[in-house]
Amino acid sequence: MNLRPLVIGELKAEIPVIQGGMGVGISLANLAGAVANEGGVGIISTAQIGYKEKDFYENPLRANLRAIRQEFQKARKISPDGIIGFNIMTALNHYKEQVIEAVKSGADIIISGAGLPVELPELVKGYKTKIAPIVSGKKSAEVILKYWDKKYATTADMIVIEGPKAGGHLGFSKEEVIKYENESYDNEVLQIKEVVQTYREKYKKYIPIVLAGGISKKEEINHALALGMDGVQVASAFVTTAECDADVRYKESYIHAEKEDISIVKSPVGMPGRAIKNKFMTEVMNGKKFSPERCLRCLKKCNPAEIPYCITERLINAAKGDVDNGLLFCGGNSFEQKEISTVHQVMKRLFEN
């Protein structure tokens with residue numbers, strides 16, 4: 001494997017891997033710090049990051065902002081010189097406040113998806129924090145880069161292409177996800193690359209592109225590099241590590257899962273998602289509705305009266321280890337993980353010759 005460092009402006013990751021952001025509570029300081037320490041880019045998810053704080057249900061915004069600072073400081077202690085950033089979803093009601101808190105905390109990079117992060121350049125203005133939108137197709141890449149160009153006269157520092165085999169919410173329709181089970185996604189990747197090249201030339205700036213979505217083997221990394229990618233984003237492969245911030249029962253749910261247990265599931269936010277089919281999700285798929293115990297008003301497009309379940313409630317259940325009643329997001333190849341390992345072992349397995 002001919003590896004080159006992933007260079008994002010003045011930042012340089014010796015191993016060209018972004019550890020994908022996973023929420024709620026799956027990729028926090030321990031995982032992000034460990035990956036950064038190994039030479040990759042460690043990413044903390046801000047999705048309900050303060051769920052362990054005592055005042056979370058009284059004032060979730062305050063708890064989340066405090067946790068952003070605390071988790072970044074913990075990760076920085078683990079990896080004083082590594083690259084550490086945040087994944088912040090645009091679908092969050094307090095997206096702006098979270099971005100500002102992350103930037104002030106010292107984030108090296110902010111990766112942003114679950115919608116188009118149209119205001120991100122303005123929010124990081126005056127700071128060295130790099131910005132990277134997540135896109136799933138040529139159209140979304142064109143829209144966000146054109147908007148940033150016209151509105152702010154700037155462009156991305158990095159692009160993350162998230163393919164159809166990713167875990168969690170997917171930027172595809174269910175029909176598209178099914179289609180890509182049998183068809184290659186390569187053509188879409190190359191079209192996005194062409195869009196990015198336009199802005200590389202316009203701004204005389206190299207914009208690295210990272211491919212994500214179910215990447216768990218050396219062969220998949222080699223394929224991404226052969227397509228002209230500058231690196232890969234890996235998420236689910238890090239869940240079954242000792243350093244991952246999730247409860248051990250969450251990790252064991254991956255280990256015990258078989259291929260047929262991984263399904264495209266319904267999400268209250270109107271997007272398909274990929275998760276392990278457990279007792280809770282089986283009931284949802286059979287039409288059962290679960291009224292939320294309390295609504296935190298966390299998502300912009302969520303009507304508590306209409307949703308089949310509260311996604312925050314179920315992700316928190318999962319993070320705490322209630323795997324029967326939680327939402328267990330996972331990548332398409334997660335069933336291949338059969339033991340608890342370490343971040344070092346995962347990096348060695350994926351990137352050493």
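Colleague: What makes up the lining of the second largest pocket, by class?

Modeller: The lining has 8 nonpolar, 6 polar and 5 charged residues, where Ala, Val, Leu, Ile, Met, Phe, Trp, Tyr, Cys and Pro count as nonpolar, Asp, Glu, Lys and Arg as charged, and the others, Gly among them, as polar. This is a predicted model, in which local features need pLDDT of at least 70 and side-chain atom pairs count only at pLDDT 80 or more, while totals for chains, interfaces and linings use all residues. Residues are numbered from 1 along each chain as its sequence is written, and side-chain values use heavy atoms, with hydrogens and water left out.

Colleague: What makes a set of grid points a pocket and not a cavity, and what volume does the second largest pocket have?

Modeller: On a 1 Å grid over the protein atoms alone, a cavity is a set of points where a 1.4 Å probe fits but cannot get out, whereas a pocket is an open set with protein on both sides within 12 Å along at least five of seven lines. Grid points are joined across faces, edges and corners, and the volume is the space filled by probe spheres set on the points; for the second largest pocket this comes to about 370 Å³. A residue counts as lining if it has an atom within 4 Å of a point, and of the 19 residues that line this pocket, Lys165, Tyr185, Asp186, Gly213 and His223 are the closest to its centre. Two or more lining residues come from each of α6 (174-182), α7 (186-203), β10 (209-212) and α8 (218-226), the helices (H or I, at least four residues) and strands (E, at least two) being DSSP runs numbered from the N terminus.

Colleague: How do you know that both faces of β10 are covered, and which strands does β10 pair with?

Modeller: Ile209 and Leu211 on one side and Val210 and Ala212 on the other are all buried, that is, each has under 20% relative accessible area, as against over 50% for exposed and in between for partly exposed (1.4 Å probe, protein chains only). Two strands pair if DSSP finds at least two bridges between them, and β10 is joined in parallel by 4 bridges to β8 (residues 159-162) and by 3 bridges to β11 (residues 231-234). Ile159 stands opposite Ile209 in β10, while the partner of Val210 in β11 is Gly231.

Colleague: Why is the crossover from β10 to β11 called right-handed?

Modeller: The chain passes from β10 through α8 to β11 in a right-handed β-α-β crossover; the name applies because, with the strands pointing away from the viewer, the path from the first strand over the helix to the second runs clockwise.

Colleague: What makes β9 and β12 edge strands?

Modeller: The open sheet of 3 strands has the order β9-β13-β12 with antiparallel pairing, and β9 and β12 each have a single partner strand, so one side of each is left without a neighbour in the sheet. The pairing rests on 2 bridges between β9 (residues 168-169) and β13 and on 4 bridges between β12 (residues 262-265) and β13. In β13, Gly273 is the bridge partner of His169 and also stands opposite Val265. Both faces of β13 (residues 273-276) are covered, with Gly273 and Ala275 on one side and Arg274 and Ile276 on the other, all buried.

Colleague: How do you know that Cys244 is in no disulfide?

Modeller: A disulfide is a pair of cysteine sulfur atoms within 2.5 Å, and the nearest cysteine sulfur to that of Cys244, belonging to Cys330, is 13 Å away. A search of the whole structure finds 0 disulfides. Cys244 is buried because its relative accessible area is 5%, and Cys310 is likewise buried at 13%.
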